[in-house]
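My notes follow in the order I looked things up.

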Amino acid sequence: MTKYGYVSGFLKDKISKEDSFKYQATILLSMGVPHENCFGDVFRKNNKDRYQLRKFLNTIAQEGDVLVVPTLTCLYSNVRELCCLMYIVEDKGLIIESCDMDLSDDSDSSNWILASQLAHLNYLDYLRSQNISKAIKQKKYQATLNTGGRNKRVITPLYRQAYEYLRTHTYSETQLKFHLSKSTLYRIKRQINNKKQPINMPQSYDASRGDLDEQ
């Protein structure tokens, strides 16, 4: 029985901005694995292939050998890779030791570990989908903002008060009371009325109050 070690990760993680590969390697070396028996795969951009792990499993690993990893997630990135790993562990009679737990040829234990890791992957997929949904909503919101940084399309409480006041007063009176330009008052009225009326419905025109360009 020979003990081997394996780590994988990015040299600089996109999320934590830390050297995840170096961090995992430091943990592995502290677990008593000879340096010459250690393997590692460095991920680059979207390439997360585990060349050295496949080399170990296909050409080096023997029945009863122990593969030490800091965490089980060093060994897989998705459900397919996890399932393949479990088959290989069972076929070759390998033992995987990690800070998480041990994988052995005990079928009951292996099945439980497989189920727990699949649940972990499903949870990660859920978090990923939530982040994507949040990013899409944020992008849509940002699209409504002006490039200058202020969102002129938002009807603030002040704008709504000005609109209500404008319904019974002239534009000039509303300008003086709320210190808003006439063009801003035109836009406020147009935005609020467009939300209330069906699309393409002409708005009312009152020349006595100074309504302009409202149709």
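**Fold.** I noted seven helices and five strands. Helices here are DSSP runs of H or I with at least four residues, strands are runs of E with at least two, and both are numbered from the N terminus.

**Ground rules.** The model is predicted: local features need pLDDT of at least 70, side-chain atom pairs count only at pLDDT 80 or more, and totals for chains, interfaces and linings use all residues. Residues are numbered from 1 along each chain as its sequence is written, and side-chain values use heavy atoms, with hydrogens and water left out.

**Whole chain.** I looked up burial next (buried is under 20% relative accessible area, exposed over 50%, partly exposed in between, with a 1.4 Å probe and protein chains only). Of the 215 residues, 32% are buried. The accessible surface is about 14300 Å², and carbon and sulfur atoms hold 54% of that. Those areas come from the Shrake-Rupley method with a 1.4 Å probe; for residues, only the protein chains shown count as cover. I then checked contacts (heavy atoms within 4.5 Å). Among those between residues at least 6 apart in sequence, 59% join residues at least 24 apart.

**Helix α2.** Which residues of α2 are buried? I found L53, F56 and L57. They cover an arc of only 90° around the axis, so they sit on the same side of α2. The arc is taken over the directions from the helix axis to the C-beta atoms. N58 and T59 are exposed on the other side of α2. I traced what the buried residues pack against: β1 (3–10), β2 (38–43), β3 (66–69) and α3.

**Second largest pocket.** A pocket is an open set of points on a 1 Å grid over the protein atoms alone, where a 1.4 Å probe fits, with protein on both sides within 12 Å along at least five of seven lines; lining residues have an atom within 4 Å of a point. α2 (51–60) and α3 (79–92) each supply at least two lining residues. α3 gives the most, with five. I listed the lining as D49, R50, L53, R54, L57, N58, L75, R80, E81, C84, L85 and I88. By class, six are nonpolar, one is polar and five are charged.

**Helix α6 and H179.** I moved on to α6 (residues 171–178), where Y171, T174 and F178 are buried. These fall within an arc of 65° seen down the axis, so they line one face of α6. H179 follows α6 and lies in the loop between α6 and α7 (182–196). Its phi is near 55°, a positive value in a residue other than glycine. Most residues other than glycine have a negative phi. H179 counts as exposed, at 71% relative accessibility.

**I155.** Is I155 buried or exposed? I found I155 buried, at 15% relative accessible area. I155 sits in the loop between α4 (107–143) and α5 (157–166). Leaving out residues up to four places away in sequence, I155 touches R160, I188, Q191 and I192. I155 and I192 are 37 residues apart in sequence and 8.1 Å apart in space, C-alpha to C-alpha.

Note on methods
Nonpolar A, V, L, I, M, F, W, Y, C, P; charged D, E, K, R; others polar.
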